[in-house]
Amino acid sequence: MNPEAMMKIENLILRRGGVTVLDIPELHVQRERILAIIGPNGAGKSTLLLTMAGLLKPDHGKIYYQGNPVDSRASRSDMRRRISVVFQEPLLLNTSVYKNVALGLKFRHLTGSEIEKSVDESLEYFGITSLAKRSAKTLSGGEAKRVSLARAFALKPELIMMDEAFSSLDPPTREGLMEDLRHILQETKITAVMALHDREETLRLAQDVTVMAAGKIIQSGTTSQIFNQPDSEFVANFVGTETILEGMVESCTDGNMIVSVQGKEIEAIGDCSVGQKVYCCLRPENVTLSSKAQEQISARNIFEAKVSKIIRQGFFNKLVLDCGFPLVAYITITSCEDLGITQGVTVVASFKATSVHVIHREK
Amino acid sequence: MDLIVQGIIKAFELIISFDPEVIGITWLSLKISGTATFISLFIGVSIGTAVALNNFYGKRFVISLINTGMGLPPVVVGLFVTMMIWRSGPLGFLEILYTPYAMIIAQAIIATPIVMGISLAAIQNLPPNLRLQILSLGASRLQMVWVLIKEARLPLLAAVMAGFGGVISEIGASIMVGGNIKGYSRVLTTATVMETGKGNFDIAIALGIILLLVAFAINALLTQIQQRQHPR
């Protein structure tokens, strides 16, 4: 197996009231990397996190931490002392911020000065030194979240588990915390497992991704693999591949294939047998738009497209195009105005053959 | 009307002059009920917490039993304790019938389910993931339980108030197992009943006022502590 894995899960099964809620044949947490567990609500992300943290006892299967099996009360409590868990809700005690952050250190019977040093350091990391004397019950949501993170980081864990670290925070608070957390994880080199449901958070924080649904792992890989080469329609949809087209391979030579999609031909890279039914997946950011006039386009796939819908999404617009097949593209609001794009206008949409990700489709 | 006015005036005289007998009765009441509440706090909080934190077959039934116990009729407790410590009863060898010890036992039996029921609810009302969060910070099971009890301190104070309030104003069991012996097992409630029966309304009113004051003072003190922890 992988000698570098910080944690390894084998054939893990967890049942609750007769229902199998987790069924994980294999999962690795790589050292000094950030693994995101993503999936829709109810996929079992939190449950998996709690099981990995030794807080729920699996019905079957093995967890290895740093190469050693975690299968007894003693080994579970030993592992618990080396990892920290941050829950979705801050779960602060009704006392001062300082005492909350010191809690885990107190359990370890450290001396007062050792505790003070770690607490101060952790408070500073999260920029909440000024809150130390405040009562935890008077904090805002973002502040409480920071305290809860500081409490976990104060223990200098080898591995930290975070369940929906940014949920229920307003956008600026969320933004600030995400940036800080990214820095802290980079600096401390603490291995992290984060349950997330937002793909932007995943892209910004994680190096590895595991996609879950209904208690099972659908796909595991590096962030780029998951986002660019989803191996099923479910994952493609979940990671935000807006364009997923049903097609059939028409020809394939030397790794270049032509897929017929609703009467149009799309060029893609890869090996496939002719006649194979496939999905062509395309991320909206990989579609380039230009006005008709321009001719200097290196991309292999060039289509005339009618703008059938413009959806405003903050700083950019999402365009739904009709090229004979539906295609989704992003464009900044300024470019949209520069190119004079309005509903009903015809534009040229292009994308590289390498941007098309082909997934095999069941018959 | 005259009777009542005279009674109230006499009552205040007794209180202000620190009548030794009245003071003695008050002090004994505080000692017996305080000790009983203290004992019930230990048993009630530990069993209440244990029931709240563990899942076992018949848990709901046990909780219903505890909740029923919160309304235990003192006379039934008095009867039970009397039988147990009756000379020929199973605990007769202790020879504690008609002593303050018997009263403490009876009052502790009355207060324990009250404290237990409130502690159980208090621990159950903590966020369900709090336990796991505390464990994940490296707490041993004992450390975890202690943190939870501290976190539930406000409702637990309410448990103390309810328990103490219940036993200091209770009469049935106290008179049955204590015997209302002058200067030995005579407490505020039993004395009030006796003086009323004798037609000594002045003393009865004085004792009644003291009982109210004691209950008020204890609760005011605990409320003060509770509210200080809870600024909003």
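**Entry 1: helix α4 of chain A**

I began with helix α4(A), residues 112-125, in this predicted model. I checked its length first: at 1.5 Å a residue, its 14 residues should span 20 Å, and because the end C-alpha atoms are 20 Å apart, the two values agree.

Next I asked which residues of α4(A) are buried. I found A:I115, A:S118, A:V119, A:S122, A:L123 and A:Y125. Looking down the axis of α4(A), I saw that these buried residues fall within an arc of 155 degrees, so they line one face of the helix. On the other side of α4(A), I noted A:S113 and A:E124 as exposed.

I then looked up what the buried residues of α4(A) pack against. The partners in chain A are α3 (97-107), α5 (141-153) and α6 (171-188). Just after α4(A), I came to A:G127, which takes a positive phi of about 65 degrees.

**Entry 2: a sheet in chain A**

I moved on to an open sheet of 5 strands in chain A. I wrote down its order as β13-β12-β11-β14-β20, and its pairing is antiparallel. Which strands are at the edge? They are β13 (264-269) and β20 (357-360) of chain A, each of which pairs on one side only.

Strand β12(A), residues 256-261, pairs with β13(A) in the antiparallel sense, over 6 bridges. For A:I258, I found the bridge partner in β13(A) to be A:E267.

**Entry 3: chain A as a whole**

Chain A has 10 helices and 20 strands. Its C-alpha atoms fill a box of roughly 75 × 45 × 35 Å along the principal axes. Of its 363 residues, 39% count as buried. I also looked at contacts in chain A with a separation of 6 or more: residues 24 or more positions apart account for 64% of them.

**Entry 4: helix α4 of chain B**

I turned to α4(B), residues 74-85, which has 12 residues. From first C-alpha to last, α4(B) reaches 16 Å, close to the 16 Å expected at 1.5 Å a residue.

I listed the buried residues of α4(B) as B:P74, B:V77, B:G78, B:V81 and B:I85. Why do I say that they line one face of the helix? Seen down the axis of α4(B), they fall within an arc of 100 degrees, so they line one face. Lastly, I looked up what covers these residues, and the cover includes α5 (100-124) and α9 (172-178) of chain B.

Conventions: Residues numbered from 1 in each chain as written. Chains lettered and ligands numbered in written order. Predicted model: local features only at pLDDT ≥ 70, side-chain atom pairs only at ≥ 80, totals over all residues. Helix = DSSP H or I, 4+ residues; strand = E, 2+ residues; numbered from the N terminus. Expected span 1.5 Å × (residues − 1). Buried ≥ 20, exposed ≤ 12 C-beta atoms within 10 Å, placed from the backbone. Arc of directions from axis to C-beta. Contact = placed C-beta atoms within 7 Å. Pairing = 2+ DSSP bridges.
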